[in-house]
Amino acid sequence: MDIIKTLAQELQIRAGQAEAAVRLIDEGNTIPFIARYRKEATGSLNDEVLRQLSERLGYLRNLEDKKQQVIASIEEQGKLTTELKAQIEAAQTLVVVDDLYRPYRPKRRTRAAIAKEKGLEPLADIIRLQMTGKPLEEEALAFIDEEKGVGTASDAINGASDIIAEAISDEADYRIRIREMTVKKGMIASAAKDPQAESVYEMYYEFSEGISKIAGHRILALNRGEAEKVLTVKIEAPQEDIIRYLEKQVIARDNPYTAPVLKAIIADSYQRLIAPAIEREIRSSLTETAEDGAIRVFGKNLEQLLMQPPIAGQVVLGWDPAFRTGCKICVADPTGKVLDTTVIYPTPPQNKVTESKAVIRDLIYKYNVTLISLGNGTASRESEMIIVDLLKELDRPVQYVIVNEAGASVYSASRLATEEFPNFDVGQRSAASMARRLQDPLAELVKIDPKSIGVGQYQHDMNQKKLNEALSGVVEDCVNKVGVDLNTASASLLEYISGINKTIARNIVAYREENGRFESRAQLLKVAKLGPKAYEQCAGFTRILHGKNPLDATAVHPESYEAAKKLLSRLGYEPQDITAGNLKGICKKIRDYKKLAAELEVGEITLQDIAKELEKPARDPREDMPKPILRSDVLEMKDLTEGMILKGTVRNVIDFGVFVDIGVHQDGLVHISQICDRFIRHPLEAVHVGDVVDVKVMSVDLARKRIQLTMKGI
């Protein structure tokens with residue numbers, strides 16, 4: 001297989017782009033580095049395409065290794081033919097390679113193997129050839145051997161049948177065709193183990209859908225229902241068509257002695273050997289495809305959540321709501337530094353509303369709090385009512401935001417949180433996280449295992465290794481898109497920077513604590529275990545504000561500093577003009593990028609990137625994202641009426657719709673059919689997590705706490 005050609009075709013890119021990307025990956029470059037600083041080589045492939053390429057490269061190389069192992073194994077057995085070798089080399093998937101290897105794979109002691117030990121292979125050949133002119137019982141008499149356990153002609157025929165059944169099962173072409181037929185015409189069906197039991201899987205109690213059409217989220221739901229022993233799930237194959245196909249392949253003559261026996265053997269081979277294996281393979285393939293789809297959606301949601309714009313310059317009061325143990329409060333200054341913490345008890349059973357309001361009022365006045373960040377967990381509704389009442393009593397503008405507190409409890413109990421706040425209990429740490437995840441969502445959320453952030457479906461049922469790799473890749477891409485301030489970034493944030501691992505991240509923080517602030521990127525080379533390669537990978541993604549070199553505050557890579565200085569000189573500027581903000585419009589001053597790039601000895605794309613960066617140094621890409629909705633009043637579910645139009649924030653995107661926070665504590669569902677007038681295959685084609693959208697109330701079910709919304713016709 002030509003891996004480069006295959007990658008180019010699958011990803012619809014040029015072979016030269018694929019070849020360059022593979023070479024760069026093999027040289028140890030990270031995906032963010034290649035995407036940002038090697039655009040010339042790859043033709044500007046973005047991080048998403050590069051990650052797909054890297055994943056497929058790994059699969060295709062494993063496939064090639066498997067092929068060589070299989071060919072070597074069959075050759076060792078002395079059974080490798082030119083035709084078989086060509087078939088193996090042409091295989092496009094591991095499943096096909098396994099099909100081709102099946103007849104030659106060392107087997108456990110099967111019924112067929114036992115029959116061969118009894119010397120029944122020649123009788124199997126007689127049946128297979130279909131040339132005999134006498135009843136098989138007569139042919140079988142010659143194979144009776146009491147010592148070998150073949151006491152009757154029937155025993156001999158049964159043993160020979162087992163040999164033929166296994167041979168049919170091992171035929172790669174048959175398996176490939178049967179798999180295709182099952183996927184094309186088969187159904188996946190489920191039933192309830194107890195039809196009277198109530199569960200979230202009731203829609204699957206009598207369920208059946210075509211294998212080729214079933215949606216990924218249904219596959220994952222069926223798997224979970226089966227794992228929880230609520231459902232039985234099976235593949236319903238087009239058995240009659242398959243048996244007819246096998247008979248056509250196996251029965252070459254209308255021999256009255258062999259045809260009936262072969263028909264029985266074919267039915268046995270399919271039902272006992274082929275069908276169970278094909279069902280396992282198809283269900284495994286469906287699950288893998290469904291997981292890949294769910295992981296992609298999870299990744300997209302996570303990216304949108306991480307890339308939410310920070311709310312800068314505000315003193316924030318974080319409020320972690322609870323009932324019995326009280327609401328934990330934390331005040332953080334605009335840099336995230338904790339100024340004060342306390343606990344109040346405004347909710348049942350204590351109900352100390354007046355005292356709690358007084359405490360919050362004092363904190364607001366003492367620290368000039370302008371924003372309250374309220375977690376959306378237990379007692380959030382009750383806390384929100386108290387906050388709204390308090391805000392009406394104040395003589396200054398203070399607003400509140402309800403933030404998704406998913407993962408806060410995981411963070412609060414983590415070793416990282418203990419190191420960060422050694423004198424706080426878990427509640428105080430959670431309140432600090434509430435405040436900080438509003439001030440800088442990315443910096444705070446990187447401290448939490450991505451799976452715990454809660455913007456996916458069925459994440460605990462997926463391949464955890466694949467999920468972790470995908471989500472870590474998303475976090476890595478987000479952190480590198482934004483960049484980090486080398487003098488303020490935590491180790492949690494630094495470890496996601498290209499070329500930096502956990503150890504180096506801790507070493508950077510330790511170096512900063514020991515030697516004071518970084519004055520230049522070049523100082524990174526003095527950090528323990530951070531060598532030239534790591535420096536090349538990470539330097540462009542770090543920022544040093546007010547350092548010795550103004551270029552260190554930009555995304556211009558040190559390898560391009562000379563070109564950047566020459567560019568500034570050509571246009572009549574000094575490096576100090578970068579931080580002074582004097583370079584607006586310089587992109588338009590460059591008349592011929594191609595010519596200037598050649599003169600400066602850089603690529604044309606690199607020159608364009610340098611000019612854009614100098615014009616808006618260290619521009620935060622999160623600026624383009626929708627800002628969170630700041631509230632000062634509250635709605636309850638009972639206040640909602642059909643037809644009411646509201647503004648909300650998309651909290652989660654799943655295969656069949658989106659959940660929107662409309663400020664009533666219970667998120668409303670916009671079904672995929674209600675998102676827009678045009679046809680979409682997935683909600684992500686129209687909306688993303690964090691989007692601020694207008695919605696109209698379709699229905700409200702107070703008893704079941706369900707709100708149906710639409711985005712159409714508004």
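**Chat about a predicted model**

Colleague: Where does Val 527 lie?

Modeller: Val 527 is in the loop between helix H24 (502-515) and helix H25 (532-538). Keep in mind that this is a predicted model.

Colleague: Is Val 527 buried or exposed?

Modeller: Val 527 counts as buried, because its relative accessibility is 4%, and the cut-off for buried is under 20%.

Colleague: What does Val 527 touch?

Modeller: Leaving out residues up to four places away in sequence, Val 527 touches Ile 504, Asn 507, Ile 508, Tyr 511 and Phe 518.

Colleague: Another loop, then. Where is His 557 found?

Modeller: His 557 is in the loop between strand S10 (542-543) and H26. At 4% relative accessibility, His 557 counts as buried.

Colleague: Which backbone oxygen lies 2.7 Å from its side chain?

Modeller: That of Glu 536, which lies 2.7 Å from a polar atom of the His 557 side chain. Neighbours within four places in sequence aside, His 557 is in contact with Phe 33, Tyr 37, Glu 536, Ala 539 and Gly 540.

Colleague: Let's switch to H29. Which of its residues are buried?

Modeller: Helix H29 covers residues 593-600, and its buried residues are Tyr 593, Leu 596, Ala 597 and Leu 600. They cover an arc of only 105° around the axis, so they sit on the same side of H29.

Colleague: Why do residues three or four places apart in a helix point the same way?

Modeller: An α-helix has 3.6 residues a turn, so residues with that spacing point the same way.

Colleague: What does the face of H29 turned away from the buried side carry?

Modeller: That face carries the exposed residues Lys 594, Lys 595 and Ala 598.

Colleague: And what covers the buried residues of H29?

Modeller: The cover includes helix H26 (561-570), helix H28 (586-589) and helix H30 (604-615).

Colleague: Which residue caps the N-terminal end of H29?

Modeller: Asp 592 does, with a side-chain oxygen 3.2 Å from the backbone nitrogen of Lys 594. Just after H29, Glu 601 takes a positive phi of about 60°.

Colleague: You mentioned H30. Where does Gln 608 lie?

Modeller: Gln 608 lies in helix H30. Gln 608 counts as partly exposed because its relative accessibility is 27%. The C-alpha atoms of Gln 608 and Ile 590 are separated by 9.4 Å, and the two are 18 residues apart along the chain.

Colleague: On to the strands. How many residues of S7 are buried?

Modeller: Five of the five residues of strand S7 (residues 371-375) are buried, so S7 is largely enclosed by the rest of the structure.

Colleague: Which way do they point?

Modeller: Leu 371, Ser 373 and Gly 375 point one way from S7, while Ile 372 and Leu 374 point the other way. In a regular strand the side chains alternate between the two faces of the sheet.

Colleague: Which strand do four bridges join to S7?

Modeller: Strand S4 (residues 316-320), and the two run parallel. Within that pair, Val 316 has Leu 371 as its bridge partner.

Colleague: How many bridges pair S7 with S8?

Modeller: Five bridges pair S7 with strand S8 (residues 399-403), in the parallel sense. Leu 371 stands opposite Gln 399 in S8. The chain gets from S7 to S8 through helix H17 (residues 380-393), and this β-α-β crossover is right-handed.

Colleague: What span should H17 have?

Modeller: At 1.5 Å a residue, the 14 residues of H17 should span 20 Å, and this agrees with its end C-alpha atoms, which are 20 Å apart.

Colleague: What do the buried residues of H17 pack against?

Modeller: They pack against S4, strand S5 (327-332), helix H16 (353-367), S7 and S8. Among the buried residues of H17 are Ile 386, Ile 387, Leu 390 and Leu 391.

Key. Residues numbered from 1 in each chain as written. Predicted model: local features only at pLDDT ≥ 70, side-chain atom pairs only at ≥ 80, totals over all residues. Heavy atoms only, no water. Buried < 20%, exposed > 50% of the residue type's maximum accessible area, 1.4 Å probe, protein only. Arc of directions from axis to C-beta. Contact = heavy atoms within 4.5 Å. Polar contact = N/O pair within 3.5 Å; in protein donor to acceptor, adjacent residues only side chain to side chain. Pairing = 2+ DSSP bridges. Right-handed = clockwise from strand over helix to strand, strands pointing away. Expected span 1.5 Å × (residues − 1).
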